[in-house]
Amino acid sequence: MNQLIIKNALIVTCDKNHTIINQGSAIINNGIIDKIYETDSNNDFPAEAKKIIDANGKILMPGLINMHCHAADSLFRGLVENLALEEWLAKVWIAEKAILTPKTTYTGSILGLAENLMNGVTTVMDMFWYPEETASAAKKIGMRLATGGIFFDPPGVGGRTQKQYLTEAENFFEKYWNDDFIIPCSMPHATYTVGETHLKEAKILAEKYNGLFSTHAAETIAEQNDIKNRYGRSVIKHLSDLGLLGSSTSLAHCVHLNKTEIELIAESSTSIIHNPISNLKLGSGIAPVWECMDAGINMTLGTDGAISGNDLDLWMALRLAATLPKGFHMKPDIVNPKEALHMVTLNGAKALGLDMALGSIEKGKKADLILIDINKIHSVPIFDPITHLVYSTARSDITDVFVQGKQVMGNKQIKNINISDTLEEVKLMSQKIASTLDGENYG
Ligand SMILES: [Zn+2]
């Protein structure tokens, strides 16, 4: 048996009751959490345990779930600035088309996924042009990834036809429907880039494999106006009328929603993926997080790509998700930190249909775990570990990451890849990436 014991940790379980164990240990057998209990440092542990980690001075919590990312877009970090979504996307697509091949997508995916991992993220939902490459990168690093075929009506990167997009998406489901680490999804880009027929095809495919469906939705006012002009209904009503909402659907952004749309999302048990950094930086707006929580919607969090948010810091997203609504409504008592912490743990797992297996530290769940150093200037004193995690924790506090009981980061070092090689490779590409927008009057 492959056994791992993590002892003497301050355990924040993120279970439904927000249970905290001030000094506890976790026994993990073959990647599954077998026992969590209160301990003192003198407890005896089974002599046959292969690995015992003393986590004194650290918080043990479930690995974070980043529900919306475009990992390989890290290649374009900082390339297109100071534009609203629509003009920004036009530039992004020019750069992506010039640079992205399966090979460069793999390199970009390593860069983006490694940053997620360093930040304590163990599962990423990613949407990108060559999902096979992102899946290979996730496997190489040893993290969990939800992704799948993208749907996009124009030819897009790689110049594919609709038929090709559909075939590739189906092939992805075929390959990964039973995989332990890759969670296959249908990923149409958005209602303004994918017509009704292809949106429905994407959903039918997801249903055939009992998979997930995720798309960008209601990100800007311009998008809402565009869809209203085309179809005579709002973005969410459009998705609802096409039969695309439901518990296996998650919608990235949802910044501009009316009351009816919030009700449609709530009634259909659709999840929302809030991406506060991207929404702020692109000037898209501030999402109605409190109103959505009040309606009982499963709220999750994402970083979006580093091309819009410039890094992939889910801790920053968490802090913004917990504080922006307070400031916006001038109500310090809304978006409770406990609820906020669930957005990056248990709610993410629920949106993935995996809340029985991921998202909290409970017996029988998969051991996707992180250790957080709390022997830091900004960590002393801690009266409440949950408020510490939501309001004070920085990504640099993460020291160790485990995915299904396997240590994939130890002492801040990623184990399965040599990240310096990737950094060098990307630096060598940067000149070429910068030149993609030459002649585009980009200033
Ligand atoms: Zn996005």
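1. Domain bounds here are taken from an automatic or database domain assignment. On that basis the chain divides into domain 1 (3–62 + 360–414) and domain 2 (64–351).

2. The model is predicted: local features need pLDDT of at least 70, side-chain atom pairs count only at pLDDT 80 or more, and totals for chains, interfaces and linings use all residues. Residue numbering starts from 1 along each chain as its sequence is written.

3. A distance of 29 Å separates the C-alpha centres of domain 1 and domain 2. Their contact (C-beta atoms, placed from the backbone, within 7 Å) draws 21 residues from domain 1 and 23 residues from domain 2.

4. On the side of domain 1 that touches domain 2, the elements giving two or more residues are α15 (385–391), β16 (398–403) and β17 (406–410). Helices (H or I, at least four residues) and strands (E, at least two) are DSSP runs numbered from the N terminus. The largest share of this side, 5 residues, is that of α15.

5. In all, the chain has 16 helices and 18 strands. Its radius of gyration, taken over C-alpha atoms, is 21 Å, close to the 22 Å of the globule rule for 443 residues, so the chain is as compact as a globular protein of that length. That rule is 2.2 Å times the number of residues to the power 0.38. The C-alpha trace spans about 65 × 50 × 45 Å along its principal axes.

6. Among contacts in the chain with a separation of 6 or more, 73% join residues 24 or more positions apart.

Definitions and conventions
Two residues are in contact if their C-beta atoms, placed from the backbone, lie within 7 Å.
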